[in-house]
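Here's a quick briefing for anyone meeting this structure for the first time. Take a look, then read on.

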Amino acid sequence: MKQSIFSIISNEKIAKDVFKMILSGDTSDITASGQFVNIKIEGLYLRRPISVCDYDSKTLTLIYKVVGNGTEQMSKMKCGNLDILTGLGNGYNLDCGNNVLVIGGGVGVPPMFNLAKKLKAMNKKVVAILGFNSSDDVFYEKDFSEICDSVYITTVDGSYGKKGFVTDALKDLSYDYFYTCGPEPMLKAIYDATSTSGQFSFEERMGCGFGACMGCSCKTKYGNKRICKDGPVLVKEEIIW
Amino acid sequence: MVDLSVTLSGLKLDNPIIPASGTFGYGYEFAEIYDINILGSFSFKGTTKDPRFGNPTPRIAECVSGMINSVGLQNPGVHAVINEELPKLKKCFNKKVIANVGGFSVDEYVYTCELLDCEEQVGLIEVNISCPNVHGGGMSFGTNASDAQKVTEAVKKVTNKPVYIKLSPNVTDITEIAKACEAGGADGISLINTLLGMRINLNTKKPVIANKMGGFSGNAIFPVAVRMVYQVYEAVSIPIIGMGGVSSSEDVLEMMLAGATGVQVGAANLINPCICKDIIEDLPRVMEKYNINKLSDIIGGAH
């Protein structure tokens, strides 16, 4: 974990209520895809945890949806500095499977991006399934197309891509492992619809984001875990629904 | 050279800054980002006789200048704390630590304190009779003077370490409880625990927190804490560890002027993990600004 100041390079709307913020700063503590950062926002007490979409040695890309006061305030920032805790959470373990699915739902799509890049760099076959509610919500299709072997888009209302849920797209595919992030009902549906092992990234309301307050604990088959510190990624075998 | 040291019932601290229980785990998360040996001491995660998972999630809610938590004393139980946590803690913290103890009956408090009494690194036992997040215990001892006295007397019999009783602000007259603890033999008083609070989500129209209510902490409660420390200082003659919304070195001075010998920092650790380090480094500056050479000289100075 590291606390440092990042400066905003750009912050633009990329879909309905969804923004992409690029920041420059010290990313040296980000060690794995699927980790998150915790952002101090002026006037609000708790930091706001946001998953890392992508990063390199100097820049950090975050994609977030405006759902409350914190993200609304973030969406209005055009420049300036942010106090950010980086290197939070365990992130995904990449050493599993050779023919893998990355499955994102809504704002669960962003962490799949750096993950897919890294999996491709390991010469794996990577197929992305990205689920949204409607055509207005779709983002990053082209970005995923540039790195993945194939990309399937689903929308609940059928206004773009395949009509239905991500599980409707995955049932016809062959794979030996999967990675996913998205709303909990989607994660549960994927858990039930998949026959292989996989890794799930969970969301919870957090106090600190670094394991101190026990605000985001959950029970697993491997004992009590803190979503922020021992998660957010849990393996299929340990999850208790 | 200014003197930051204070003494709590014979336990000499390099400075009065103590991260509060429940906001600092067992120290290692913070040891990753600074050397926690600069702290006066720290109060580790509230420990009970048996392991506890705590309350369902969500356990956390945002408030103006503060937060609500309803963790519910999640901890691995005293045996795991002694066998697993304390040996790990010893590797990153070489000073005496404050053992925070929770319980649901007098027997449970006694059981846990008796075991922690044997731990060399424990310099002081802080008995939490004020957790707002557990039913059938915790706070009920802290809201009834005769129960508070009974717990204090029972715990004092099984330990030679200084015993501080951590009080709840959710009472009509905190001085009555503090006096009962002093009568029961307490070596000191810690206050305040969190204020019982609640938030309701306008979208779902239901409480934000799964357990409905929780403990309100953060900057917003600081004036309540200062007032209660001030009142308790007048009511008892044993030392006080003051806490509640402390987030700056100026707050530390204010808390000490109200009557605190030690000062705990709680929720602020969750927002700025370096806050205790920042405060310790900043204290000489504010002491100079307000013409204070020896920090312990100002304890109770506002009376």
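Domain bounds here come from an automatic or database domain assignment. The model is predicted: local features need pLDDT of at least 70, side-chain atom pairs count only at pLDDT 80 or more, and totals for chains, interfaces and linings use all residues. Residues are numbered from 1 along each chain as its sequence is written, chains are lettered from A in the order in which they are written, and side-chain values use heavy atoms, leaving out hydrogens and water.

**The two domains of chain A**

- Chain A splits into domain 1 (2-88) and domain 2 (99-238), with C-alpha centres 20 Å apart.
- Where they touch (heavy atoms within 4.5 Å), domain 1 of chain A brings 23 residues and domain 2 of chain A brings 20.
- About 1,800 Å² is buried between domain 1 and domain 2 of chain A, and carbon and sulfur atoms give 59% of that; buried area is the accessible area (1.4 Å probe) that two parts lose on being put together, summed over both.

**A salt bridge**

- The count between domain 1 and domain 2 of chain A is 1 salt bridge, meaning a side-chain nitrogen of Lys or Arg within 4 Å of a carboxyl oxygen of Asp or Glu.
- A:Asp54 forms a salt bridge with A:Lys117, and their closest N and O atoms sit 2.6 Å apart.
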